[in-house]
Amino acid sequence: MIKKLFKKRCFDSYRINGEYWGIAIDGTGIFTFDKKHCEHCLRRVYKYTDKETGEEKIKTIYMHHVLEAKLIVGNMVLSVASEFIENESEDVEKQDCELNAFYRLTARLKDTFKKLPICLIADSLYACENVLKQCKANNWNYLFRFKEDRIKSITDEFQALKNMEEEEGKKANVVKIRESEQRGEITWVNDIDYRGFGVNVFECELEDEKRKQKFTFITDIKITKSNAKKLMNAGRSRWRIENEGFNRQKNLRYHIEHASSQDYNAMKNHYLLTQITEIIMVLHEHGSKILRSMKKTIKEISSRLLEAFRGQTLTDEDIAQLGKPMQIRFT
């Protein structure tokens with residue numbers, strides 16, 4: 001489905017810097033059990049204090065998690081690939097984790113979209129040497145959130161070079177942000193060496209009437225005055241995978257945390273079918289000017305779409321239109 005949308009070129013205006021497709025990577029929990037569900041469960045052991053006796057006890061919870069790669073186009077997020085984070089068996093010495101799932105997911109992503117210019121967008125967990133190597137091997141760009149304690153050498157050099165420029169009165173690598181509700185600036189340093197990788201770091205400080213924010217990103221895309229704000233917006237778009245992605249699927253539409261079956265394969269299939277459903281629903285909602293003007297509820301839109309699947313027959317003209325580029329601009 002996503003390949004077909006790329007072929008129709010209907011998302012081209014949403015590329016990062018006009019070049020790269022932003023694909024956000026993030027993991028989430030989908031099922032939790034008090035007892036072992038199957039041999040593939042992840043396990044977490046924690047201590048707690050019994051409220052009645054005051055005794056310290058140990059409890060084990062069993063979980064199923066998934067790692068998602070989602071294409072970000074405007075305010076839409078569309079699943080491109082899903083990789084389940086799961087143990088091979090219940091007696092494994094080391095449990096599966098998000099980073100291990102990342103390497104499996106990126107291998108499939110590269111195999112599916114061999115020449116697609118991708119920019120991975122992710123949190124600071126992915127700001128590490130092995131992930132940078134993977135991006136370089138796949139000829140992908142990256143844009144990761146960066147925390148001060150993630151790679152100390154990068155943090156120290158960024159701060160030292162930034163302070164040096166400020167002491168010398170240089171402000172070449174600064175862009176001011178002056179918008180209706182927000183003020184701030186973006187400061188950056190290019191070409192910081194990290195184990196043979198040339199990384200670029202930029203720091204964003206924003207303020208509005210309610211709060212002040214400060215966040216840092218690392219990327220291999222050279223930062224300039226003309227693209228600094230675009231890169232900041234692309235980096236901040238990662239939250240959409242949590243909001244328009246996971247939160248909506250968990251709490252507003254599909255309730256994916258509710259186990260629809262006790263069979264593990266059925267549970268995974270149901271999750272994957274949900275991702276297909278969401279792609280159709282999002283395109284239907286955002287791609288139809290008529291539908292947006294009608295201001296229908298989600299339930300009404302879903303019912304209307306279901307009836308169309310059930311009762312409307314595609315004409316020869318409809319089928320002929322399928323091969324043509326989409327002219328609708330998504331909002």
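A nonpolar core here is a set of buried Ala, Val, Leu, Ile, Met, Phe, Trp, Tyr and Cys residues joined through side-chain atoms within 4.5 Å, where buried means under 20% relative accessible area with a 1.4 Å probe, protein chains only. The model is predicted, so local features need pLDDT of at least 70 and side-chain atom pairs count only at pLDDT 80 or more, while totals for chains, interfaces and linings use all residues. Residues are numbered from 1 along each chain, and side-chain values use heavy atoms, leaving out hydrogens and water.

Start with the largest nonpolar core, which has 54 residues; Phe11, Ile25 and Phe144 touch the most other members. Strand E3 (residues 56-73) gives the most to this core, six residues in total. Strands are DSSP runs of at least two residues and helices (H or I) runs of at least four, numbered from the N terminus. With 13 of its 18 residues buried, E3 is therefore largely enclosed by the rest of the structure.

Now look at who sits beside E3. Strands count as paired if DSSP finds at least two bridges between them. Strand E1 (residues 21-33) pairs antiparallel with E3 over ten bridges, and Asp26 stands opposite Glu68 of E3. Glu68 also has a bridge partner in E4, Ser82. E3 and E4 (residues 76-85) are antiparallel too, with nine bridges, and Gly74, in the two-residue turn of their hairpin, has a positive phi of about 60°.

Elsewhere, helices H7 (residues 264-287) and H9 (residues 298-311) pack at about 105°, their axes 11 Å apart.

Key:
Axes are lines fitted to C-alpha atoms, for helices over the stretch in contact, and angles run from 0 to 180 degrees between N-to-C directions. Buried means under 20% relative accessible area, exposed over 50%, partly exposed in between (1.4 Å probe, protein chains only).
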